[in-house]
Amino acid sequence: MPQHALEDHLDELNALLVRGDRDLTFQFLYGLDDRETVGLLDHLDDAAFQRLLAGIGRQNLADLLADLDPEDAVRHLERLEAPVAAQLADRMDPDDAADLISEMDEREAEALLERMDPEESQDVRTLLAYPPETAGGLMTPEFVAVQPQWTVRDTIRYLRTQAHDAETIYYVYAVDRQGRLMGVLSLRDLILANDYDRVSERLIRDVIRVRVDGDQEDVANLMKDEDLLALPVVDFNDRLVGIITVDDVMDVLEEEYGEDMLKFSAIEGGEERSLSHPAGSIRRRLPWLSINIALSLIGAGISSLFESTIAQFVALAFFLPVISNMGGNVGIQAVSVAIRGISTGEVAFSDFWRVMRKEVVVGLANGLVLGALLGAVSFAWKGEPLLGVVTLFGLWANVLVASLCGGTLPFLLHRLGLDPAMMTGPLLTTIVDSTAVDVAKPDPRIFAIALERV
């Protein structure tokens, strides 16, 4: 955040705290984006942070921290005295509190859980028991469940008593006496039903659900594809244990997208921040950079095979970087589309041949146009017809190979159980660079003979 913007925010916050308007102060903070909020909180010393707590109240501060990235939120929660921190965690939704506590040191997390309200603490412990990237780790246990034999009138009365504790009441879930999911009813359908209709008469029996061990990315894609506001989570006995809401899914999609982007750049694990410790950044970046050296040496070895050709046709060396870079750009476009399709479930390995055919057509068309442009430029620049022909066909072939490899490599790697986002980039770079060398450096005498015959 720019310094002048930070100073303006600090001045406005201090003015609101002096006025003592709790709601207006909270609305101001809540209206900032997460980056601005974190920047503002980071610049408050401990005394100012305590004034902020007094100025907006514990519930508002709990809501504010719950909306931040857990790593950022936990830094500020730890600035508070242990009893106050526990009270803030009590006021958060269990899934938000679990996300935050999972970022804490194990001993500090246990101390906080011990100080929390026993019921809230148990809910958080239950969520922490599930792996973080599963439906169980993503869900909240705060949902509304009713019995199918209840009347609509009784159900609405029950909702009024439970709504303030539930994450959402857009959907009402019916369970049997063992807690097994029987069906779902939207709040709209419930309100429109007759008072003495039975819930069982209005239920949608075929409920889309996920198990607690389901992958969070699959859950996010399912909710997106089905346009759901909430998704029930069941255990291995089909008992309803929680729900996943759309706001949690948005966080997952953002997280998965960020991880894929880092993996595509060969950042190990897809986890690094701008302010990460240098040692961690070195550990994540160095392995694949080392592998890239080996792959680049392979490309250099291939280049050495054409040393005599370059000596005969020195002008070609000026255009090799252009051919190689264009191939890399084309490959990145194809890879990005393929990885996105795989991660969202839009395409599967069964679509491999269709994707290949499409990339061949795209590569041929784009390669012809780009090759013609480069061939014309090289001819106009150096006045060598042969050079124009070589660069035209060189770029054409390289674009075709880049498009084909970029569109299909992710499918092959995914099929082998490897991470396409992590491994495609280095492999594609090596293939494209080697192809640029191969196709752009044929012996010019071959083309000279061909031109003479024409």
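The model is predicted, so local features need pLDDT of at least 70 and side-chain atom pairs count only at pLDDT 80 or more, while totals for chains, interfaces and linings use all residues. Residues are numbered from 1 along each chain as its sequence is written, and side-chain values use heavy atoms, with hydrogens and water left out.

**The sheet.** Helices (H or I, at least four residues) and strands (E, at least two) are DSSP runs numbered from the N terminus. Three strands make an open, mixed sheet in the order E4-E5-E6; two strands pair if DSSP finds at least two bridges between them. Strand E4 (210-211) and strand E6 (240-245) each have a single partner strand, so one side of each lacks a neighbour in the sheet. E4 runs parallel to strand E5 (residues 230-234), joined by two bridges, and Arg211 has Val234 as its bridge partner in E5. Helix H15 (residues 216-226) packs on this sheet and touches E4, E5 and E6, its direction making about 140° with that of E5. Here, contact means heavy atoms within 4.5 Å; axes are lines fitted to C-alpha atoms, for helices over the stretch in contact, with angles from 0 to 180 degrees between N-to-C directions.

Buried means under 20% relative accessible area, exposed over 50% and partly exposed in between (1.4 Å probe, protein chains only).

| H12 (residues 152-162) | Val152, Thr155, Leu159 | 55° |

The arc is that of the directions from the helix axis to the C-beta atoms. The buried residues of H12 pack against strand E1 (145-146), strand E2 (171-175), helix H13 (187-192) and helix H14 (199-202).

**A helix pair.** Helix H3 (residues 34-42) and helix H6 (residues 70-77) have axes that come within 11 Å and cross at roughly 25°. Val38, Leu41 and Asp42 of H3 meet Asp72, Arg75 and His76 of H6.

**A loop proline.** Pro132 lies in the loop between helix H10 (118-128) and helix H11 (135-138), and counts as exposed at 68% relative accessibility. Leaving out residues up to four places away in sequence, Pro132 touches Gly137 and Gln216.
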